[in-house]
Amino acid sequence: MIKLQQYHVFKLTTSRLKESNYNIEGFSILQARLNGELVQIGDNQVFRSIRDIKNIHTDLNLLNKLTKERNELKSLHSSEENSKLIEEKQEKIDRILFVPDIINVKVDDKKVYKYIFKNGFKVNGITFKRFCSGAGQSRRSIASFVNTEIKDELERKLNCGLNIKKINVAKYNAYFGLYLSATYPVRTPRVCLIDDCEEFKLPKTVDWIDDIETTDKNGKKITKRVISEKQFDFIPNMWDGQGLVSPSFAEKWQEDLELDYLPSQFGIRSSFIKGMVAVFDFHKYANEIAKTDKIIDHFGKEWDVSQIDILLSVSQFKMHKLYKSWEEFTQLQEHHGLGWGVTKVNPKFDDEMSLLNYQYIQTLDLNREKINKLISPTVNWIEKICNGDKLFTLLFLLGSCKESDTIAKIFDKSNSNYVKAILYNDSLLKDPYIKKKIYDSISTKIQEAKIGRLWVRGNYEAMISDPFGQAQWAFKQPITGLLNEFEHYSNFWNERNVKKVDACRSPMVDFHEHNILNFIDNEETKEWYKYIKSGIIYNVWGVDTIRHSDSDWDYDIVFTTDNEIMLNNIFPNQNVITYDKVSAPSQSLSNTNVLKTDLRSFDSKVGSITNYSTTFISMLANFKKDSDEYKILLDRIKLLRRYIGDSIDQAKGIKMKPFPSEWKKRDYIYEDDTDEEKQEKYKHNNLVANRKPYFMIYVYDKLRNEYREYKKKCERTCKEKFGCTLDQLLKKKNKSKQEMYYVSDYYRRMPVIKNHSVMNTLCGIIEGVDFKYKRPKNNENVQEMFDVLFDTNIPIDNDKLIKLEKLYDKFKKKRHFKHKTNILKYIDFEQEQDNEYEQMINEFYEGIRNEANIICSNQKELANHLVYLLYKVYPNDSKEFAWSIASDGILEILEVKSDLNVQLPMKDKNGEDYLGHKYSLRSVVI
């Protein structure tokens, strides 16, 4: 796929702006890199429009020329002149890729945000005012600010001829924020805008959530939220967010994106346009089924079908009501220099195996034996790597290779230079830095396994609503679709002769959200779905969108698996949960309303409400299934589906019922309470969700620290009181009354729920596995590795070594970014964002690297000096400085010293199974 150009912007916090009195002077790109205040953002319509306004052309040829010249200078003999030239080239590259007119602000103080919203702030003499905060930004408490000199013109362009006075502000923020989505520019399609289909009433049995007016025990009027089974006429928007693209035009986009395969679906963006288009031959449909060469659009205009590339639904075009015709819209788009872009496409091949998350597992009916079977493939996979199995280790680091692969292709499989180094010399598997990197990667996989990141056969694909039915709707034909209710289609699973899978979508709250899909395959589906090699096609007659937590068809992702443990242990006969949806009110698009909306949207509570589901599900293990407490918890879990919806709606200005405080707070029991009152309070307190389940210590560092401190404290008091360790006391069979009280109190006061819930049991089993993999020491094999990495033909310059040693001190002091994989990203697939912490670390490294190049302009010489510094002068230190700053030079040295004859993992039908494919090691000259 074509490479999307990445640009840089400053990212500041509100507290940083306040500390600087809202005026930062002399702030350089280098300083921002070292401070972790520079982030990368993929090219997008906002950046393109800014370049248009300022008449700036990003000369990619010049950029590539400067990059090539800089890299060539690094291969020349080291000199002050070359160092200055490298610095000059780097500064020119930075200037080309830096966008000074946009600054992202992380809101860590809402009062400060109010101030800068009203008054703006200055950076390097430029005044910035609030520009946008889209849905993805507001969830992370981020807003973009823009240079006031171009603000009005930029907003005028992006509003595409509209002067909007009244709209729901949260929706406008979301629509306008789409302009900052990273997009691959593609040619403009010829579009026919078609209506949404909301014409069918489908009678369904559901669990209905309703708010009823009642009185409490004191006679005070209250609103009570209740669940009841009822018959409900479901009126779905059958293709909400979905359109169709012709195969012939899809091939043109394939060409634009430089893909070697035809995608099955495209994520699209344009002016107030968002969604997915599935590849479907509606030209053939018009000719063979509809028997017409004409089509009527949403505005009533007739079009020649052969002149249409995309059927776009009105739900994809967010501002369709504000334009008189599609021609008016396209003329305004062209006038304002706005285009079309693709955000993502499906991969060429869908994964054979993928990782689960804890939400999919905790909602299954599993005992210890079944859990052991579910985790077994993952444990075996980790053990193979931990035990040094070369095939598994190389596959873990690199993936498979083809005999036809060039070294460039093999290197492109990994963006980690230490993996590339292993290809040149696999003895580097003993290097302390590389051993630590592998150890950290494996440790992460072990930690992830404890929270349910387990390998099973299956993958994540796009949800598609029957495109044949959408063609029927577009051409005013009776809608039947090719799939009946409870029927689905998947090319991936049909090729493997799998007829039934469990489908899960994140975030998953309740047991009913496991969705069993039944696949069919016949001559009609083969013909009409032949371009959809990837994706799960749903029928239009069911309640799948409700079961998948109110999904739609705008490129929502669903996980499917044929894993027997999962399929056979779904709780049966679960009704879907739904309720009356409230329409978002229109508001004046004033600064006051925009500010209010921003403040409501920051720090979304959806994640924390979802966590209550995890807590309540864990608490079920404390009670018998026929108890009142068990039934109350089941109801609360169901009700959370609506509270999550409420949290989203509140950002839109809809007044909703607040989250029940009684679910979170314990009742204090007084001595003079009656026995009945005490019993009622005991029952209430047993159902309070004021702690997270034990396994979540591997999700939240703060929780893990709290748990460890609590356990240490109890360990000390246990030895003082009973003369034994805490573990010995817990295992003791005949405890005294005092000991029993202490154990009971130990669990009651614990900051986590430590019971036998599904996920706590799973976590405990994996904790008990001894993977026999120890953290390597910094001084392991340093002499041997020094001989591998050091080039004796490059002399050490003591003056340069002293300067690099000072830079090393600076590196150690300023490298304060601690990157930890965000486990929650595996749960929330709505977040379209790169890992900003990783970006900031990389930018910090780039800043230090640029300073190192001034000292040593030649890459190999720089690498040789840093290898000498870390492997000889400071052998007990981490080798991170050498590998992070000079890995390119290290690779050059290794290439010269290597015979390029290595063993690589190749696909082999007679080989060993690894994550759904078979491989063996083969010797290859690369």
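Strands, as named in these legends, are DSSP runs of E covering at least two residues, numbered from the N terminus. The model shown is predicted.

**View 1. Ser 506 in the loop between β23 and β24**. Strand β23 covers 500-504 and strand β24 covers 515-518, with Ser 506 placed in the loop between them. Relative accessibility of Ser 506 is 2%; because buried means under 20%, Ser 506 counts as buried. The side chain of Ser 506 has a polar contact of 2.6 Å with the side chain of Tyr 360. A polar contact also links the side chains of Ser 506 and Asn 357, at 3.4 Å.

**View 2. Strand β1 and its pairing with β3 and β4**. Strand β1 spans residues 6-13, and 6 of its 8 residues are buried, so the strand is largely enclosed by the rest of the structure. With strand β3 (residues 38-42), β1 pairs in the antiparallel sense over 5 bridges. With strand β4 (residues 98-106), β1 runs parallel, joined by 5 bridges. Phe 10 stands opposite Leu 38 in β3 and opposite Ile 103 in β4.

**View 3. The crossing of helices α9 and α24**. Helix α9 comprises residues 169-177 and helix α24 residues 591-601; their axes come within 9 Å and cross at roughly 80°. The two helices are therefore roughly perpendicular to each other. On the α9 side, Val 169, Ala 170 and Asn 173 make the contact. On the α24 side, Asn 593, Val 594, Thr 597 and Asp 598 make the contact. The contact residues divide into 3 nonpolar, 3 polar and 1 charged.

Technical notes. Residues numbered from 1 in each chain as written. Predicted model: local features only at pLDDT ≥ 70, side-chain atom pairs only at ≥ 80, totals over all residues. Heavy atoms only, no water. Axes fitted to C-alpha atoms, helices over the stretch in contact; angles between N-to-C directions. Helix = DSSP H or I, 4+ residues; strand = E, 2+ residues; numbered from the N terminus. Parallel < 35°, antiparallel > 145°, perpendicular 65-115°, else oblique. Contact = heavy atoms within 4.5 Å. Nonpolar A, V, L, I, M, F, W, Y, C, P; charged D, E, K, R; others polar. Buried < 20%, exposed > 50% of the residue type's maximum accessible area, 1.4 Å probe, protein only. Polar contact = N/O pair within 3.5 Å; in protein donor to acceptor, adjacent residues only side chain to side chain. Pairing = 2+ DSSP bridges.
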